[in-house]
Amino acid sequence: MKRIILVRHGETDWNRENRIQGGVDIPLNERGKGQARDIASKLAHTVIDYIYSSRLSRALETAVEIAKFHKLEVLTDKRLDELRQGKWEGMKTWEVRRLYPDLYSRWEKDPTSVVPPRGESAREAFQRARNFWTENILPREGTGVIVAHKVINALIKLILDSDPRLNLLWEKLPGNAQIERFSL
């Protein structure tokens, strides 16, 4: 039986400030580092065969903490990097709402209807997540951990559900340091 444990990285200062991170490499803050250690401790007695992570430090730091208990190398894949949100990255959500009111309102209602300026579409991110899944997870047996981000983990859950309806994306978003287990 194949098992997947999806983990969202710990908190960053930008999470706390409600800033859009996207593809910007923001490290864990002190609380996030503690959350990463807590996640690792919760998974310490779980048999884990492999760990994949986004290349972004907030996810990678979290994955490295998990890997320490299991003496595993963390495998990174750029396809697990967060959805790129272009000009919105670094901005607080309220700033985006003020500067792009119509665009952001449509984005909140249906992420498939909008692409952030100079950003990536939800469909593009879904495709890269699905390619990662097909190439790296489907051929493997055992229990794997994937440490990534809010939108990417939500997209992976759509893949796990065999549900390509990207308009359901917002219903699947995990919180910081959230652990979710799936059996396939």
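Is Gly22 buried or exposed, and what is its relative accessible area? Gly22 is buried, with a relative accessible area of 2%. Buried means under 20% relative accessible area, exposed over 50%, and partly exposed in between, with a 1.4 Å probe and protein chains only.

This is a predicted model: local features need pLDDT of at least 70, side-chain atom pairs count only at pLDDT 80 or more, and totals for chains, interfaces and linings use all residues. Residues are numbered from 1 along each chain as its sequence is written, and side-chain values use heavy atoms, without hydrogens and water.

Gly22 sits in the loop between α1 and α2 (30-42). Helices (H or I, at least four residues) and strands (E, at least two) are DSSP runs, numbered from the N terminus. Leaving out residues up to four places away in sequence, Gly22 touches Leu56, Arg58, Glu82, Leu83 and Glu89. Contact means heavy atoms within 4.5 Å. The C-alpha atoms of Gly22 and Pro116 are separated by 11 Å, though the two are 94 residues apart along the chain.

Arg58 is also among the buried residues of α3. These buried residues pack against the following elements.

| Element | Residues |
|---|---|
| β1 | residues 3-8 |
| β2 | residues 50-53 |
| β3 | residues 74-76 |
| β4 | residues 143-148 |

The buried residues of α3 pack against α2 as well. After α3 comes Lys71, with a positive phi near 55°.
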